[in-house]
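Trainee: I'd like a close look at how the pieces of this chain pack and pair. Take me through that part slowly, please.

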Amino acid sequence: MQTYAELKAAIIDRSHRKDLAARVPGFIRNAELEIHRRLTAFPKEVEAPLTLVAGDRFIDLPAGYGSPLAMWRTAGGERCDVVMTTAVQLPASTTAGPPACWAVNGAKLAFDKPADVPYILVFRYLQTVFLSDDAPTNELFARSPDLFFYGALVELADFCRDDRNLSVYAQRFAGLLRSVAAEAARSNAVPLRTEIAAALGARGSYNRHGVF
């Protein structure tokens, strides 16, 4: 398996469930979400230039957004911190001015006040590239396609209430997660979440929130 299309075909072939072909992309996406929660090998840190237009206090999140890190206003080559907070704690003013605080609010970046003039911002975040027909591979999939394969099979077996195969696939998925985590730790390629060892120490069952 080297591409998203080949992954989908392999899942259908293993499961013998051509009737579920339309659901396979969803099974893959759920598996990717679980992989993202368990590993930090997948996201990468990027910076994106954004423009907050005059009179507005919202900007759409960039494509591939995973989780926020920092933001700055830029002017004359200098950067000025814009303070990150939560959507609940973000103050809201109707008086226009330069953005001082921001938060992720749903699918948007929200600011504490509408901009009095256009502002150029730099948004640093962890980017997550999901597999799709337009993005048929990525670094982690190229290295460990079987991780995605068994993760998606876990989702499929759970959907079908196939307890026998669910147990087999979940154990294989958990073992691959451990293997990928250990490989990343040895190479020092990426930091690992501290809960990896504890969370994957003993597996034998699966719930809809992950392999536990």
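Mentor: An axis here is a line fitted to C-alpha atoms, for helices over the stretch in contact, with angles running from 0 to 180 degrees between N-to-C directions. This is a predicted model, so local features need pLDDT of at least 70 and side-chain atom pairs count only at pLDDT 80 or more, while totals for chains, interfaces and linings use all residues. Residues are numbered from 1 along each chain as its sequence is written, and side-chain values use heavy atoms, with hydrogens and water left out.

Let's start with the helices. Helix α1 covers residues 4–15 and helix α4 residues 145–159; their axes come within 10 Å and cross at roughly 50 degrees. (Helices are DSSP runs of H or I with at least four residues, strands are E runs of at least two, and both are numbered from the N terminus.) That makes α1 and α4 oblique to each other, oblique being what remains once under 35 degrees is roughly parallel, over 145 roughly antiparallel and 65 to 115 roughly perpendicular. The crossing of α1 past α4 is right-handed, meaning the near helix is turned clockwise from the far one by less than a right angle.

Who touches whom? On the α1 side, Leu7, Ala10, Ile11, Arg14 and Ser15 make the contact (heavy atoms within 4.5 Å), and they meet α4 residues including Phe148, Phe149, Leu153 and Leu156. Sorted by type, the residues of this contact come out as 10 nonpolar, one polar and one charged.

Now the sheet. Four strands make an open, antiparallel sheet in the order β1-β8-β3-β4, where pairing takes at least two DSSP bridges between two strands. β1 (44–52) and β4 (78–81) sit at the edges with a single partner strand each, so one side of each lacks a neighbour in the sheet. On average, neighbouring strands are turned by 35 degrees against each other, direction ignored.

Follow β8 (residues 119–127) and you see it joined to β1 by nine bridges. Along that pairing, valine 46 stands opposite tyrosine 125, and leucine 52 faces tyrosine 119. With β3, β8 pairs antiparallel over eight bridges; there, tryptophan 72 has valine 122 as its bridge partner.

Tyrosine 125 turns up again among the aromatics. The structure holds eight aromatic pairs, counted when ring centres lie within 6.5 Å, with planes under 30 degrees apart called stacked, over 60 edge-to-face and the rest tilted. Tyrosine 65 and tyrosine 125 have ring centres 6.0 Å apart and planes at 40 degrees, so that pair is tilted. This pair links distant parts of the chain, with tyrosine 65 in β3 (residues 65–75) and tyrosine 125 in β8, 60 residues apart.

Note on methods: Ala, Val, Leu, Ile, Met, Phe, Trp, Tyr, Cys and Pro count as nonpolar, Asp, Glu, Lys and Arg as charged, and the others, Gly among them, as polar.
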